[in-house]
Amino acid sequence: DTDGGEILFDNSGSTGAAVVSKEEAAKSHRPIARVKTATLDSFFAGNVEPDVKLQPPSSDIGGEIFAAKIDVQGFEPKVFEGMKKTVFERKIHFLLTEHDPMALDEVNGFAEKCTESLNHLQMLHGAGYRIYGLKLETHPKFEKAYNQGLKSLEVQRGRPFDDAMKDCLNMYRIQDEYYEEPDYKFHIWTDFLAVSPDAPWPEKSDFLINRIEKGRRSNNSSV
């Protein structure tokens with residue numbers, strides 16, 4: 001959410017690299033990566049000069065973006081705080097963002113469950129995006145939830161999709177129900193797909209929608 005700032009990453013060399021404070025970085029024996037920050041509003045306005053030249057460019061800077069994914073391990077509210085203009089001008093047609101209620105509340109220090117952690121979803125909704133919830137996920141090592149809870153059609157289809165707060169609290173409930181005290185607290189998460197009303201649909205969109213509906217009725221997750 002800041003132009004010209006800096007974030008420190010504990011660079012463990014795996015997908016588990018994490019943001020750390022200056023104090024934590026000073027105590028770490030692993031390499032610390034320093035990453036400059038810029039808001040997405042500045043980036044999409046063409047005001048950010050990348051350190052690495054992209055060949056060919058990934059998008060037309062300042063124009064519309066067909067699709068984007070945001071998955072930043074609980075820091076999603078900060079990313080969205082720096083892209084308000086982009087959201088309300090609906091520059092991104094399809095936006096996929098991870099939603100881990102526990103991580104969102106913990107990382108950002110939100111006092112109440114499922115309140116401030118929903119602000120960025122409300123922003124998308126207020127800008128006219130239609131939001132679709134994908135299925136619940138967790139790490140395979142969270143065996144009880146992975147093998148019993150989330151494979152249940154009742155759990156997956158019984159979500160209160162019409163109320164974001166109820167859906168969020170429901171994820172907390174499932175987390176508590178299946179929690180097993182593992183070495184690492186594996187969270188339950190989902191992804192939300194936000195679709196702009198201006199998004200271009202394929203010419204055969206009716207065919208695709210029918211395929212999706214057919215797959216949903218037959219529970220064919222490959223469709």
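**Figure 1. Phe43 and its neighbour Phe44 form an edge-to-face ring pair**. Phe43 is partly exposed at 27% relative accessible area, while Phe44, at 6%, is buried. For the cut-offs, buried is under 20% relative accessible area, exposed is over 50% and partly exposed is in between, using a 1.4 Å probe and protein chains only. The ring centres of Phe43 and Phe44 sit 5.5 Å apart with planes at 65 degrees, so this one goes down as edge-to-face. Rings of Phe, Tyr and Trp (its six-membered ring) pair if their centres lie within 6.5 Å; planes under 30 degrees apart are stacked, over 60 edge-to-face and the rest tilted. A note on what you're looking at: this is a predicted model, where local features need pLDDT of at least 70 and side-chain atom pairs count only at pLDDT 80 or more, though totals for chains, interfaces and linings use all residues. Residues are numbered from 1 along each chain as its sequence is written, and side-chain values use heavy atoms, with hydrogens and water left out.

**Figure 2. Phe66 and Phe94 make a tilted pair**. Searching the whole structure turns up two aromatic pairs. With Phe66 and Phe94, the centres are 5.1 Å apart and the planes are at 55 degrees, so the pair counts as tilted. It ties together distant parts of the chain: Phe66 belongs to strand S4 (residues 65-70) and Phe94 to strand S5 (residues 92-99), 28 residues apart. Strands (E, at least two residues) and helices (H or I, at least four) are DSSP runs, numbered from the N terminus. Phe66 is exposed, with 51% relative accessible area, but Phe94 is buried at 13%.

**Figure 3. Helix H5 (residues 101-108) meets helix H9 (residues 164-178)**. Their axes come within 9 Å and cross at roughly 95 degrees; axes here are lines fitted to C-alpha atoms, for helices over the stretch in contact, with angles from 0 to 180 degrees between N-to-C directions. H5 and H9 are therefore roughly perpendicular, on a scale where under 35 degrees is roughly parallel, over 145 roughly antiparallel, 65 to 115 roughly perpendicular and the rest oblique. H5 brings Pro101, Met102 and Asp105 to the contact, and H9 brings Cys168, Met171, Tyr172 and Gln175. Contact means heavy atoms within 4.5 Å. Sorted by class, that's five nonpolar residues, one polar and one charged. Ala, Val, Leu, Ile, Met, Phe, Trp, Tyr, Cys and Pro count as nonpolar, Asp, Glu, Lys and Arg as charged, and the others, Gly among them, as polar.

**Figure 4. H5 is largely enclosed by the rest of the structure**. Six of its eight residues are buried, so there's the reason for that title. The buried ones in H5 are Pro101, Met102, Ala103, Leu104, Asp105 and Asn108. They pack against helix H3 (76-81), S5, helix H6 (119-126), H9 and strand S8 (188-195). Just past H5, Gly109 has a positive phi of about 70 degrees.

**Figure 5. Asp1 lies in the segment before strand S1 (6-10)**. Asp1 is partly exposed, with a relative accessible area of 47%. Setting aside neighbours within four places in sequence, Asp1 touches Thr39, Lys78, Glu81 and Gly82. Although Asp1 and Leu40 are 39 residues apart along the chain, their C-alpha atoms are separated by 8.2 Å.
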